[in-house]
Amino acid sequence: MSKKLYIETVGCQMNVLDSELVVGSLRRAGYVLTKDTDQADVILFNTCSVRQHAEDKIYSQLGRLRHHKREHPDAIIGVLGCMAQKDQELVRRRAPQVDIVCGTGQLARLPELISKVRETGRPQLALSFDRNEASRLEVERSFESYDPLRDPSMRPSRFQAYVRIMIGCDKFCTYCIVPQVRGPEQSRHPEPIAAEVRQLAGEGCKEITLLGQTVNSYKYNVGDGRRFQLSDLLARIHDTPGIERIKFITNFPRDMSDDLLDAVRDLPKVSPYLHVPVQSGCNEVLKRMKRLYTVEYYREMLARCRDRIPGVSISSDFIVGFSGESEQSFQHSCDLVSEAGFKNSYIFKYSPRPGTKGHELYPDDISEMTKKRRNNDLLVIQNQVSLKDHLARIGNIVEVLVEGPSKTHMKIKKSEIRNSKSEMVSDFGVDDSTWTGGDGLPQLTGRTATDHIVVFEGNLRLVGQIVQIKVKEATAFTLFGEVLTSERVHSGENAESPILGLIPPVEINGSTRISLPVV
Ligand code: SF4
């Protein structure tokens, strides 16, 4: 009988991709997925350390499993990823029921670690070196990129995929734990990346998102004095047959070079969308964060992006309540959001992380209440800006890659299904949907190349296709529209049948899937 694997993922797109690869390797070792920890032979948590809240969530899950481990002593419990690398033995001191602690750079060893626990009954630790523990080369090697052959059935969506082009970070922003838990910045050779993109395209993938902690810092010396940058890499993979959209996240403001902006402008498959976190609108705060730029520099960079890429949409990240952020400093962030025209912003309350310079040097001197208030105030301003951006799009015709049923639609179907005891769609291929629509057209959702979310009614056959939608209404978060014509949008030489009615339904393991939400 096959062994069962339960896996839970928190954190960023890197973690989502890591989990996809872990699931792929364990599936090859004979595991099938379950959503029920009671059924699982192996229970894994792929963790995040960027905020305290994410860690607390995992420790509380582990606490719940203490009793489970007593009842099921053979079940293997593993903590993977950033929290494992950061807390190391502390994980087992706080949760002795954990059998495996495996850092971000050691995930390829998981099948071996599971076997060792079974053979020896002893806990296993697999961690990379700390940044100061060994030479740079040794630390780099201990974080080697984990990108085994991909298993198409493990992707949350057949037509979308993440491709890691670099790992780690050398920027050392004072609030951030990433350089510790993901190691030194290392770019992958462009040829394995191009091969991975070709493989994904061959499996039906249409949209790839290149991932890197600071993706626009990508650089690889290919020999003969030639250095590949992100603009070169985009050009290298652009003509991959079958790939229709290329995105990349996340960008560091200082590395937004003109050659990259020109590549985004000139390569039609590259989405005119840039996520460029600014974190604060106040120079003093940026300095304490060690972000290496000023607000003036950031504003000039925004102007350059808009100048060089007509129609580009830009989103950002903000941290509120960082040490020493006065009301005046916060007001500077409000001013920036009001003026910058971001499509949207992700706003976070500062959470001091042990192991960072920020934690060591600066007090966490802004109260939780003030952080909450600033978070809400900034969101209100951003929502007004987003609404304005969205309202200006009413009447436009946009090209949308259809991702699946909308959240609202899924909620309705879930409650119908609970009543009818049918099965439902889930992530990572668990309990594949047998639902085929029902009466009337379902509400679907997808994204434009500029990353705007669009909701509309349409046949499920459209999932995975790029269609034209006329925007009719808008809120601060969503555009609502109608499928304009039955014509499918061509965006490459390998575009399929132009008439939607002739396109066979998108089948993924016999069912339609939704995208995995990124937390
Ligand atoms: S650039 Fe700064 S915030 Fe981003 S991963 Fe690196 S250290 Fe963290």
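A crossing of two helices is called left-handed if the near helix is turned anticlockwise from the far one by less than a right angle, and right-handed if clockwise.

**Entry 1: the model.** I noted that this is a predicted model, in which local features need pLDDT of at least 70 and side-chain atom pairs count only at pLDDT 80 or more, while totals for chains, interfaces and linings use all residues. Residues are numbered from 1 along each chain as its sequence is written.

**Entry 2: α10 and α12.** I looked up how α10 passes α12, and the crossing is right-handed. Helices (H or I, at least four residues) and strands (E, at least two) are DSSP runs, numbered from the N terminus. Helix α10 covers residues 258-266 and helix α12 covers residues 295-308; they pack at an angle of about 35°, with axes 9 Å apart. Axes are lines fitted to C-alpha atoms, for helices over the stretch in contact, and angles run from 0 to 180 degrees between N-to-C directions. On the α10 side I found Asp258, Leu261, Asp262 and Arg265 in the contact, and on the α12 side Arg304, Cys305 and Arg308. Two residues are in contact if their C-beta atoms, placed from the backbone, lie within 7 Å. I sorted the residues of this contact into 2 nonpolar, no polar and 5 charged. For this sorting, Ala, Val, Leu, Ile, Met, Phe, Trp, Tyr, Cys and Pro count as nonpolar, Asp, Glu, Lys and Arg as charged, and the others, Gly among them, as polar.

**Entry 3: α8 and α9.** I then turned to helix α8 (residues 190-202) and helix α9 (residues 230-238), which pack at an angle of about 40° with their axes 10 Å apart. α8 passes α9 in a right-handed crossing. Pro190, Ile193, Ala194 and Val197 of α8 meet Leu233, Arg236 and Ile237 of α9. The contact of α8 with α9 has 6 nonpolar residues, no polar and 1 charged.

I looked at Arg236 separately. Leaving out residues up to four places away in sequence, Arg236 touches Pro190 and Ala194.

**Entry 4: the cores.** A nonpolar core is a set of buried Ala, Val, Leu, Ile, Met, Phe, Trp, Tyr and Cys residues joined through C-beta atoms within 7 Å. Buried means 20 or more other C-beta atoms within 10 Å of the residue's own, exposed means 12 or fewer, and partly exposed is in between, with C-beta atoms placed from the backbone. I found that the largest nonpolar core has 105 residues, and that Cys102 and Val163 are among those with the most contacts inside it. Helix α1 (residues 13-28) gives the most to this core, with 7 residues. Domain 1 (3-140) and domain 2 (280-392) both give residues to this core, so it lies between them. The domain bounds come from an automatic or database domain assignment.

**Entry 5: the backbone.** I found a cis peptide bond from Ile249 to Thr250, with omega near 0°. Thr250 is in the loop between β13 (245-249) and α10. Leu292 has phi near 70°, a positive value in a residue other than glycine. Leu292 is in the loop between α11 (283-289) and α12.
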